[in-house]
Amino acid sequence: MELIEKAPAKINLGLDVLYKRPDGYHELEMVMSSVDLADHLFFEELPEDRIIVETNKAFLPVDQRNNVFQAATLVKNKYQIKKGVKIFVKKNIPVAAGLGGGSTDCAAALRGLNQLWNLGCSLNELAEIGLEVGTDVPYCVYGSTAFVSGKGENVQVLSPMPQCWVILVKPKMSVSTRTVFQEIDVKQITHQNIYGLVEAVQRKDYQTMIKKMGNSLENVTGKRHPIIHQIKNRMLKYGADAALMSGSGPTVFALCRHYSRAQRVYNGLKGFCDEVYLVRTL
């Protein structure tokens, strides 16, 4: 039996860093939403007790360093599964881009294995397992649009964000989330009105939503990589309703209500960066 699981990318409509916690993580408040740029995971049960991870990207590790491998190991150990599994990861989401590619693959692995091995786990149980791999994994288990807090373990699913077009632009460099968080001074960063953003999303009020969007990490990453601000300014110049860095970067996304405007932003950025995507919200 082969099983396929979709792993959508995420964007951060809002991200605020409140303070550093005693456990070394930062206390966060975020609004995340899934978009229709996705990896796909293909599962095949093996009779022998082993985990095989393969991918279409040669530079990705396929051992214990891989989030999918870690997820499969955790599930096998927790539920004492003696069968093996082969998981092929077809990557479409850029790596180390602020789009949650590794986390959404991990979440898709958990959902897929739950189905493959008839474990009967709830999404909440899968999210708890996923937190052991990464702090964005619990959100990615649920997907859709959600308010996320703590270090990422508290996920409150919201009404889906208003439907619109999303232009994603990934500059050539990659960004280490850990490095960005090491540079944060919570007294210096711009804090966001996350609860106002949640309210606008729940009301499906697109105009208020785009006014309330903001990312406290944007200036931290943007100071090191000025191209982030250049992309954002170019998006707005070509008519985007809003533009913002996703996560810790470096991907910048724009929102457009109308396809013709989205196409114009997309065309305006295509020559500026190699990786440009035009997708819908999910």
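A charge is said to sit over a ring if NZ of Lys or CZ of Arg is within 6 Å of the ring centre and within 35 degrees of the ring normal. By this rule, arginine 257 lies over the face of tyrosine 206, at 4.4 Å from the ring centre. A second case involves tryptophan 165, where the charged end of arginine 280 sits over the ring, 4.5 Å from its centre. The model is a predicted one, in which local features need pLDDT of at least 70 and side-chain atom pairs count only at pLDDT 80 or more, while totals for chains, interfaces and linings use all residues. Residues are numbered from 1 along each chain as its sequence is written, and side-chain values use heavy atoms, with hydrogens and water left out.

Of the 6 residues in S5, 6 are buried (buried means under 20% relative accessible area, exposed over 50%, and partly exposed in between, with a 1.4 Å probe and protein chains only). Strands count as paired if DSSP finds at least two bridges between them. S5 runs antiparallel to strand S2 (residues 26–46), with 6 bridges joining the two; here methionine 30 stands opposite valine 148. S5 is also antiparallel to strand S6 (residues 154–157), through 4 bridges, and phenylalanine 147 has glutamine 156 in S6 as its bridge partner. S5 and S6 form a hairpin with 3 residues between them, and glycine 152 in the turn has a positive phi of about 135°.

Phenylalanine 147 also takes part in one of the 3 aromatic pairs of the structure (rings of Phe, Tyr and Trp, the last by its six-membered ring, pair if their centres lie within 6.5 Å; planes under 30 degrees apart are stacked, over 60 edge-to-face and the rest tilted). Its partner is tyrosine 195, in a tilted arrangement with 5.5 Å centre to centre and 50° between the planes. Because phenylalanine 147 lies in S5 and tyrosine 195 in helix H6 (residues 194–202), the pair ties together parts that are 48 residues apart in sequence. Phenylalanine 147 is buried at 9% relative accessibility, whereas tyrosine 195 is exposed at 51%.

The structure also holds 17 salt bridges (a side-chain nitrogen of Lys or Arg within 4 Å of a carboxyl oxygen of Asp or Glu). One of them joins lysine 6 and aspartate 36, with the closest N and O atoms 2.9 Å apart. Lysine 6 belongs to strand S1 (residues 2–20) and aspartate 36 to strand S2, so this pair ties together parts 30 residues apart in sequence. Lysine 6 is partly exposed, at 35%, and aspartate 36 is partly exposed at 37%.

Another salt bridge connects lysine 232 with glutamate 218, at 2.7 Å between the closest N and O atoms. This pair links distant parts of the chain, with lysine 232 in helix H9 (residues 227–237) and glutamate 218 in helix H8 (residues 218–224), 14 residues apart. Lysine 232 is buried at 18% relative accessibility, and glutamate 218 is buried at 7%. Salt bridges with shared partners also join Arg21, Asp23, Glu27 and Glu153 into one network.
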